[in-house]
Amino acid sequence: MISLITGFILDLLLGDPYRMPHPIRGIGWIIQKLERRLLREEDSPGTQLWKGAVLVAVVCLVSVLLPAVLLLLAYQIHRYLGMAVGAFMCYQLLATKCLKTESMKVYQALKAGDVEEARTAVSMIVGRDTAVLDETGITKAAVETVAENASDGSIAPLLYMALGGPLLGFFYKAVNTMDSMIGYKNEKYLYFGRTAARMDDILNYLPSRISGLLMTAAAYLLGMDGKNAWRIFRRDGRKHDSPNSAQTEAACAGALQIRLAGDAWYFGHKKEKPTIGDPIRPVCAEDIRLANRLLYGSAVLALLAVCAVGAGIRIMINI
């Protein structure tokens, strides 16, 4: 728990140093190398399925084994060194400040009136085509990314590290990274990426819903529309192809009193998607800043919750 709290604080203070080697980029590199070796367009769907499963198994094994060896060596040298290495790993697995930093680049460009720069900034954090987006579309894309990744990038890894330390955190992030790279329902990855996509759905099922609840609570505490956040969270939390992605988007849309989602363009093709939330007021650039307040509030509540549960378990054990 000390390592987790320290890692959480380091993430809020430092974010991800761009010049420092990062384990998630390392995981992404392994995924790319294995994909090039395993994926063949001429393979049958069944062959692509088992090759995709092999990729998942290898990536998960390497992603957990390497940090496990580092932790073991550190603890063998000294207990405090092991705790320090664990704290550093927890710090690298969280992306709260990084998410805020990247989304605020979009906000700053919009406030400066530079729509083209805003498109460039938002293209770095979303998977959709951004060339067709106007100011409203750019803002919505940034807000949706902050809301969705409040779970994937902050609360979910925090919960898994609270359960199983950095090693379970690395396992989660390995699956999550594979899903973001090969978990698409397109011609190329429909079968090859299915195992990664299904595992990501399973691992995020509870964390995404817990994140939606925490975001609703944060809306109340931060003076936003908590009542509407709860209403939209319950009503629109499943309006997405993924069973998990709309949970925090719905809570965020309700808290901000805006409408998110809707049709979007991916790889030159328009994808029809349902809307999330009600347009009580129009979307504006300030919503990016408000979404980040919700992100931070939800993350702090998550940390307080796991600390409270951990303390309660210790008390019960001692009794």
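Q: Which residues of H9 are exposed on the other side of the helix?
A: Lys227 and Arg234 are exposed there. Keep in mind that this is a predicted model.

Q: OK, and which residues in H9 are buried?
A: Helix H9 covers residues 226-236, and its buried residues are Gly226, Asn228, Ala229, Ile232, Phe233 and Asp236.

Q: Why do they line one face of the helix?
A: Looking down the axis of H9, the buried residues fall within an arc of 155°, so they line one face.

Q: Switching topic: where is tryptophan 50 found?
A: In helix H3, which spans residues 45-77.

Q: Why does tryptophan 50 count as partly exposed?
A: Because its relative accessibility is 49%, and the exposed class needs over 50%.

Q: How far is tryptophan 50 from glycine 193, C-alpha to C-alpha?
A: Their C-alpha atoms are separated by 10.0 Å, with the two residues 143 apart along the chain.

Q: And leucine 61, where does that lie?
A: Leucine 61 is in helix H3 too. With 56% relative accessibility, leucine 61 counts as exposed.

Q: Which residues make the nonpolar surface patch?
A: Leu61 is one of them, together with Leu65, Val69 and Leu73. The patch comes to about 370 Å².

Methods. Residues are numbered from 1 along each chain as its sequence is written. This is a predicted model: local features need pLDDT of at least 70, side-chain atom pairs count only at pLDDT 80 or more; totals for chains, interfaces and linings use all residues. Side-chain values use heavy atoms; hydrogens and water are left out. Helices (H or I, at least four residues) and strands (E, at least two) are DSSP runs, numbered from the N terminus. Buried means under 20% relative accessible area, exposed over 50%, partly exposed in between (1.4 Å probe, protein chains only). Patches are made of residues with over 30% relative accessible area and no salt bridge: like charges are joined within 9 Å, nonpolar side chains (Val, Leu, Ile, Met, Phe, Trp, Tyr) within 5 Å. Accessible areas come from the Shrake-Rupley method with a 1.4 Å probe; for residues, only the protein chains shown count as cover. A salt bridge is a side-chain nitrogen of Lys or Arg within 4 Å of a carboxyl oxygen of Asp or Glu. The arc is that of the directions from the helix axis to the C-beta atoms.
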